[in-house]
Amino acid sequence: MKYSPFYTQNLGAMAAQKQPVAAWLREQQPDLADIDTRIGLNRWEILDFRLKDGRTIFETMPPAPFYQGWIPREQTPLDATFVVGSNLGYGINQLLSNTRDTHKVYVLEPDPEILAVCLGQTDYRPFIQMGKLVFLPPDRNVLQQTVRSCDTQFLFGKIYMRADMPSQQISPQYAYWTRECKEMLEHLSVEMGTLRRAQDIMVGNELNNFRRALSDGTVNPLRDAGKGIKAVIVGAGPSLAEYGPALAAMPHSALVVTALQTLTAAQHVGIKPHFCMSIDFSDGMLHVFKRLDPEFARDIPLIYSTKTKQEVVEQYPGPTIPLWTVGGLATFIAGTDDLVLDAAGNVSVALMRFLHWMGVRDITLVGQDFAWREKSHAAGHHCTGTVANSLELKDLDGNPIRTSVQYLTSAREMEQDIKRLGLNVRNIYGGGYVITTATNSTLEQVADDGFLTSESPALELYRLRMLQSRSACEQPVFEERAPSWRNSLRHAHKRMEKLFKKPDRNFGEIRSLFGSIHMFLSQDPIYLPYLYNEIMDVAGLRDGITRYTAKEAQRFKAVSKKVMEKVEFMDFILGRRSLEAHKAA
């Protein structure tokens, strides 16, 4: 083909690297012969592509001005750029030519015809083969997996988002995928910020709860216990003050659930839930008990994430049942029938996922605002007030409201869950964020539609299953790792000391040794979650350094010391010594 000589070679290189876009593009079967007839020089004397409506991509302006700001002024070895829209490759080629070899470039082109045009113009094989250039299909799961794989880039480099402006004119799908990518990167920022700051706290809490959690029982008997049940998730948004009393006064047979931190607000409006949930790992949850009425909560089961602070679980006056969540110990040691919930970062999202796992399909939201005008929470909640660094949105009627990045991220997650899980959700809208995949309704409407009426035996079955959930589980004992780990790290230190005597000459060997240490620290799935920060630190030493000095040697010593402290603590918690102490208590 005259204008597309590289298409086949690039497609083969992508297939060899197992890039999902290769199979997607083959399925789309773009008409290469037709495409070739529409490529030619435009009035700027540069290659351009004529769209089916007769326009060309660069008919109004040549490419150069669009990409002047695409190249980062300061670059690190672990930078990455996400590009939505490829056109003929002008912006991509700018990035490939002016960034380090280690700078990852991810390109999502939703139009198979345009992607075929791009792949035909430039020989991208060297960049594809070295892993620098990755093309992505318009697939949300592939994009999400790719974004999540950029944890090292987020921690030790910078991630850039580039929406190709000339592509935006082609169709609305470019704006859609730009928004999707931007939201996923924002979510990664929240998630990685939390992990880096709090992973030690979360898994530390889980270890402190380990023996008690196994004694408290398991949520497993609740699987499918929600079939035939209509559920209500009560949030602590400002609209709870308006709709909570009406719900409390209604005769209904719905399963009412809420967050631990919402219990006092629920009591304030006359609602008594069937159970509450806690997923928050922070010390702030202890403030709940300054307002919580222990008599009110005494017969309300608390389903607590094992990452909840130990003192919160100990102070709760009612029954406590553990919930193992993704990212902790149970990710790797749970049985195939055990629930390990992805609790996200918001308790209402976690409650919705948990109810779906229980078999509930019809859910009503009350007080689920994700935004506010004056006060962020209903009366009784320990966070009543305003939130710093808020964002402005519009409510359903176009009036200004405030929200936060965390609320916005959680609201979008809930929207996606409703669609992904096939839930039928009614939202008693109270002037907050508009949950687009839920149906806005009134309490009278949901009652008339049967959304508050469970099948007659369903709630009784739920109560029986909840009682079964409080039966203690078997207490496992794991072999201690510290002696063998200490010996292995001692050998690594001796080798590292020799290499660091001439770090410039031994750069490759030092980097390779850091790679081996990274693999060693990641080998044990049970210990891996608690060692997350140290594993990422070693990844930074392996991939984020262009010249090793004595400073990196000292950083490695500090990391190794922390690793052994954690391994020894886990040995105690997971081994026989803690079990004997638990039995004696």
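This briefing covers an annotated region, a helix pair and a sheet. The model is predicted: local features need pLDDT of at least 70, side-chain atom pairs count only at pLDDT 80 or more, and totals for chains, interfaces and linings use all residues. Residues are numbered from 1 along each chain as its sequence is written, and side-chain values use heavy atoms, without hydrogens and water.

**Annotated region**
- An unreviewed UniProt entry gives residues 205–374 the annotation "domain: 6-hydroxymethylpterin diphosphokinase MptE-like"; such annotations may be inferred rather than shown by experiment.
- Residues 205–374 are 34% helix and 16% strand (DSSP runs: helices H or I, at least four residues; strands E, at least two; numbered from the N terminus).
- The end C-alpha atoms of this stretch are 34 Å apart.

**Helix pair**
- Helix 10 (residues 173–216) packs with helix 24 (residues 550–574) at about 25°, with axes 9 Å apart (axes are lines fitted to C-alpha atoms over the stretch in contact; angles run from 0 to 180 degrees between N-to-C directions).
- The two helices, helix 10 and helix 24, are therefore roughly parallel (angles under 35 degrees).
- Asp200, Leu207, Asn208, Phe210 and Arg211 of helix 10 meet Lys566, Phe569, Met570, Ile573 and Leu574 of helix 24 (contact: heavy atoms within 4.5 Å).

- Eight strands form an open sheet with parallel pairing, in the order 11-10-9-8-7-12-15-16 (strands pair if DSSP finds at least two bridges between them).
- Strand 11 (320–323) and strand 16 (439–441) are the edges, each pairing on one side only.
- Strand 12 (residues 362–366) and strand 15 (residues 424–428) pair over four bridges.
- Thr364 stands opposite Arg426 in strand 15.
- Helix 10 lies across strand 10 (302–305) and strand 11, at about 115° to strand 11.

Note on methods: Angles under 35 degrees count as roughly parallel, over 145 as roughly antiparallel, 65 to 115 as roughly perpendicular and the rest as oblique.
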